[in-house]
Amino acid sequence: MSTLAARTPRHSRRLAGTATLLRLALRRDRVTTPVWVAVNALMVLSMPGTLRNLYGTTAERTALVDQLATNAAFRALIGPVFDTSVGALTAWRAGVYAAALAAAASLLIVVRHTRDEEESGRLELAASGAVGRRAPLTAALLEAAVADAALALLIAAGLAGQGAGGALAFGLGLAGVGMVFATMAAVVAQLTRSARLARGLTAAVLGAAFVLRAAGDSATGDGSSALTWLSPLGWLENLRPFADERWWVLGLFAMAAAVQGAVAYALAGRRDLGMGLLPGRPGPAAGRLGTAGALAWRLQRGGVLGWSAGFLLAGVVYGGLTDGAADLVGDNEGARRIFERMGGHHGLTDAFLASMTGMLGLIAALFVVASVLRLHGEETSGRAEPVLACAVGRLRWAAGHLTIAFGGSVLIMLLAGLGFAVGYGKEVVPVLGACLVQLPAVWVIGGVALLLYAVAPRLAPAAWGVAVAVLLIGWVGPALDAPRFVLDLSPFGHLPKLPGGEMEWGPVLTLTGLAVALVAAGLAGLRRRDLGG
């Protein structure tokens, strides 16, 4: 046996079991990963038809490009456009957000199958078998590569009619962004002991990449700013799909992914299983956590503060774009109809404000799902058991996290409204009301997440699917002129369109009551079932 081991290449022993772990990872993510890929691809592939309906002639597209060239605020939000073709406009309109979604999905996959597995103890069990030291990291990166390759294939095939070269470049660029952040997450997962911290740090880098690109694009109209080149999102726009593609930019993605991957593999061999290379921080040096609510706040305060800062900044940016939106839409009836379907029929400015506040409400649903499902994470990791072994009941324990989830959604929407007031500079009270009226729909999504966790904890991740489906209906539905019954599947479709529209208390109170009923049912289910069952 020792002779056989001696003859086996050392690198092969380190990768032993990779194929088995990859099959296991793909099986565990057989729902979530295809959903991420399908949602991203659908968002991109829906754009050509929408843009063709809005800007059907070359003259209309040329006028749009000319207006964007002088609108620094919209360049900061979406990026510059380099050609008047439908393909180039598709890459401009969907590129930044599709790349961000690909990056988020990739980093979540890698952290889930590396640091999450170590933190839960499952990786230690797997490592007791014939599993090499670097096999889990390799399997995680391979799954991310499979997801990004599937996205690239769908984009390249779906946009081939706009130009095969541009479609291939766009698909490879999105996959490249995904792999850059996958390998970055692999590095961070070696440094930290907490999966939550690993996700937070990598997501913070993604946010910084968006800010760098936005700052660079607001300064120049051709993507040539040094700040733009510092961001992987900026590399995608400088690839210039459908506009004399710069194929050499793909080398930047390959180089960054290769270097970060090599660093991750080197670090993986220098630490003990379950440990991180950075020292862990001890608990508070002074004071104590005397209540379940205080513990929930300490666990979630970083996320709440990060979301709060992001919503405040988003409000300022969208508020600053309000006046420019009217100029950009101009006399284009198609674009005006989309804004009116999203925000109501009460003037273009009010419709734009209503649509943007509604969009932030959709994103706030992701926050409330993440915060509610922290209960699931505490239970599956075993950290909830010692808390509940003390004089803390299940309802009191859950109430702490639910207060953060539902109260935090109020905070971030309030800050978004204040940001709109700062950026727009007028109509403070109506804009605040438009943000706060989104809360009943946000709470309904949070109630669904709690009910799934409490009654069928294995189905708890499906809450993400509900939130993403609602986001897709609200984002893509109006652009595709979806039937009314489809839009009504989302709780956000029943809210009054503020500012500008009439305040309708009936739907607001109904949705609030539904949220209360869902939370009550969830708490009742949590109280009756066994933990871990």
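**Salt bridges and a helix pair**

At 5% relative accessibility, Glu378 counts as buried (under 20% relative accessible area; exposed is over 50%, partly exposed in between, with a 1.4 Å probe and protein chains only). Arg374, at 12%, is buried too. A salt bridge here is a side-chain nitrogen of Lys or Arg within 4 Å of a carboxyl oxygen of Asp or Glu; for Glu378 and Arg374 the closest N and O atoms are 3.2 Å apart. Helices are DSSP runs (H or I, at least four residues; strands are E, at least two), numbered from the N terminus.

The model is predicted, so local features need pLDDT of at least 70 and side-chain atom pairs pLDDT 80 or more, while totals for chains, interfaces and linings use all residues. Residues are numbered from 1 along each chain as its sequence is written, and side-chain values use heavy atoms, leaving out hydrogens and water.

The whole structure has five salt bridges. One of them joins Arg112 to Asp29 (2.8 Å, N to O), linking distant parts of the chain: Arg112 belongs to helix H8 (residues 86-113), whereas Asp29 lies in the loop between H3 (18-28) and H4 (32-45), 83 residues apart. Arg112 is partly exposed at 29% relative accessibility, but Asp29 is buried at 3%. Another pairs Asp217 with Arg213, with closest N and O atoms 2.7 Å apart. Asp217 is buried at 0%, and Arg213 is buried at 0%.
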